[in-house]
Amino acid sequence: MSSVSNLLEKLNPDQQKAVLHESGPAVVLAGAGSGKTTVLTTRVAWLISEQNVSPFSILVVTFTNKAAKEIKERISVVTGMDLPWSGTFHSLCAKILRIDGQSIGLSQNFVIYDSQDQLALLKDIYEKNHFDKEEFNIKAVQAMISNAKNELLTPQMYAETASGTFPEHVAKVYSIYQYELTKASAVDFDDLLSKTLQLLQNDQIIREKYQKRFQHVLVDEYQDTNKAQYKLTKLLATPQNNLFVVGDFCQSIYAWRGADYKNMLQLKTSFPKIAEYKLEQNYRSNQTILDAATEVISQNKTHPILKLWTTKPSGAKITCFEAENGNTEAKKIVSYIRDHAKEIQLGEIAILYRTNAQSRVFEEALMQAGIPYTLIGGTKFYERKEVKDVIAYLRYAINSFDLVSFQRISKLGKRRFDSFLQWLKQQNVTELTQQNPSATLKDILETTNYLEKFKRQTEENGERIANVEELLSVAVQFETTAQFLENIALIQDNEFADGNTEIDSKRSVNLMSLHSAKGLEFEVVFLVGMEDGLLPHSRSLVDPEQMEEERRLCYVGITRAKSKLYFTYCRTRTQYGVPSESVTSRFLFDIPENLLAVEIEKKHYSYKDSFTNQSYYPYKKKTQNPIKQTETRKIVVDDDILEGVINGDFDIDKLINS
């Protein structure tokens with residue numbers, strides 16, 4: 001068992017100050033890789049061992065089961081005691097409701113519906129009430145109900161503010177959904193928070209019981225709290241106000257699911273005398289990587305910025321590779337991986353991207369090279385539902401005996417299926433088999449109106465549309481539909497692997513989105529698709545608040561790297577089956593020249609020798625990029641932006657100057 005004094009000796013001065021905070025509210029601004037979990041656990045150990053605080057009087061709240069388990073284990077090792085009130089927001093709220101939920105009419109034996117249970121209930125509601133799944137996407141409704149609950153809006157409150165066909169439909173479904181949950185003596189994950197808050201606000205005796213019990217309330221990842229979680233922690237910390245929160249504004253990347261970094265700013269209003277501690281010493285990355293991260297995030301103006309530093313050597317420059325297209329970008333990364341695999345295990349390497357649709361080209365490149373990989377937090381490209389749906393249409397179009405495809409597409413909507421069959425009657429199957437699959441796929445998508453399934457603007461729907469567009473980008477590379485489908489089958493069966501065994505096959509390269517990468521670290525990181533429209537995402541180009549979130553996302557990606565970081569981007573990117581010129585990510589313009597080593601893939605035609613100069617720096621602010629030979633700037637405009645322009649929802653000048 002380690003003593004607390006031994007643990008304190010291992011902390012740097014700033015960490016010690018935070019751990020030894022006497023009493024009252026405190027916020028610890030903990031930069032990436034600054035040892036925040038160590039500070040939190042040492043703080044708890046110090047309270048128990050040195051301040052004689054009972055473990056039963058300490059509430060420790062985290063966002064993941066993994067973090068909760070880690071904290072419990074560390075405390076047990078140091079103090080020899082268990083923390084009975086340590087866990088995620090949802091698990092702790094479930095515990096409170098099991099004990100006292102009867103006060104608000106909740107059965108002690110209530111069941112908890114996960115997202116799949118919720119979806120099953122919503123489908124049942126749709127069926128019984130004859131709601132149109134084509135017009136009102138069920139998953140979009142599910143997301144809207146969740147958002148409403150995170151904002152603490154009851155069905156009645158939501159109905160009062162609902163305006164428009166879709167919100168009014170959501171209000172109707174929300175009311176039925178909540179009634180069915182109550183009838184089933186069930187709660188969903190969002191209810192765990194809102195009902196606990198309702199319980200504590202409405203029952204003074206129960207509220208005071210928990211307020212007296214919890215002498216100290218400690219919360220990890222506070223920048224990820226939503227409205228309900230903020231109110232819960234504030235309420236439970238009263239009246240002692242021994243609230244100790246740890247967080248980092250720069251790593252707040254979950255606004256799309258209700259997280260609000262402004263809750264950390266709001267603490268100063270709720271607790272005017274709150275103490276603030278900063279942890280800026282980084283134990284993960286070298287200084288070159290940290291400097292790049294700081295330069296990117298420093299452009300944000302709405303929240304405090306930590307300037308990270310380390311005692312480690314500066315390390316190698318960040319390699320910035322400009323590829324001709326997505327395929328050559330992936331092939332170059334494979335060659336980099338082969339080089340690194342001579343010295344480190346594949347598990348220490350990660351490829352990070354903004355959207356899951358980007359994984360496809362890297363999955364195929366790694367398979368063809370015989371390099372094992374693991375897709376974290378996602379489904380392999382050709383196994384994604386929307387990809388399988390569209391492929392099923394194509395397979396059935398050239399083979400009407402394909403029963404599996406028939407069964408799949410017949411379940412995608414009767415009108416859609418009838419339209420497809422009418423279109424198919426007018427086609428020559430032999431011609432379909434031999435013509436370019438991209439043209440056929442576009443005809444199918446237009447005929448079936450398949451993408452209408454994802455017309456609601458949600459993060460998930462955006463990803464699904466991007467996956468279909470990526471499939472079209474693959475299709476355009478094949479002369480015939482037969483070749484295209486054969487290629488997919490071989491990839492699915494992993495027949496393209498060349499059997500290269502030089503690389504340690506016991507480990508695998510990690511592929512994941514930037515959102516999935518938070519909390520992880522790797523020796524080598526590839527931040528790919530560094531282009532306006534991808535990172536930052538096209539949806540953020542005219543919204544300053546979303547742009548700041550994109551910067552935080554880029555910052556998170558950069559700070560995952562320990563020793564070596566790569567940025568890659570393309571001159572052209574195929575979108576919806578059509579190659580188009582890309583615009584280098586504006587985030588790269590923020591990084592000083594001395595931090596980057598630029599490599600540019602030679603074009604297929606002759607051009608100035610200076611372009612191949614390794615010291616050439618194409619991102620200098622306010623200077624002409626020689627690769628782009630004009631004074632004009634290309635703005636990436638997607639369907640959402642076009643619709644906004646048509647409807648007059650925003651200023652054109654704002655778009656141009658963004």
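Modeller: Arg 360 forms a salt bridge with Glu 364, their closest N and O atoms lying 3.4 Å apart. Please bear in mind that this is a predicted model. Side chains of opposite charge can pair when their charged atoms come close.

Biologist: Where do Arg 360 and Glu 364 lie along the helix?

Modeller: Because four residues part them in helix H16 (residues 359-368), Arg 360 and Glu 364 are about one helical turn from each other. Both Arg 360 and Glu 364 are buried.

Biologist: Which side chain meets Glu 470 in a salt bridge?

Modeller: Glu 470 meets Arg 360, at 2.7 Å from N to O. This pair links distant parts of the chain, for Glu 470 is in helix H22 (residues 459-475) and Arg 360 in helix H16, 110 residues apart.

Biologist: Why does Arg 360 count as buried?

Modeller: Buried means under 20% relative accessible area. Arg 360 has 4% relative accessibility, so Arg 360 counts as buried. Glu 470, with a relative accessible area of 15%, is buried.

Biologist: How is Arg 74 paired?

Modeller: Arg 74 forms a salt bridge with Glu 70, with 2.6 Å between the closest N and O atoms. Both residues lie in helix H4 (residues 65-79), four residues apart. Arg 74 is partly exposed at 30% relative accessibility, and Glu 70 is partly exposed at 29%.

How values were computed: Residues numbered from 1 in each chain as written. Predicted model: local features only at pLDDT ≥ 70, side-chain atom pairs only at ≥ 80, totals over all residues. Heavy atoms only, no water. Salt bridge = Lys/Arg side-chain N within 4 Å of Asp/Glu carboxyl O. Helix = DSSP H or I, 4+ residues; strand = E, 2+ residues; numbered from the N terminus. Buried < 20%, exposed > 50% of the residue type's maximum accessible area, 1.4 Å probe, protein only.
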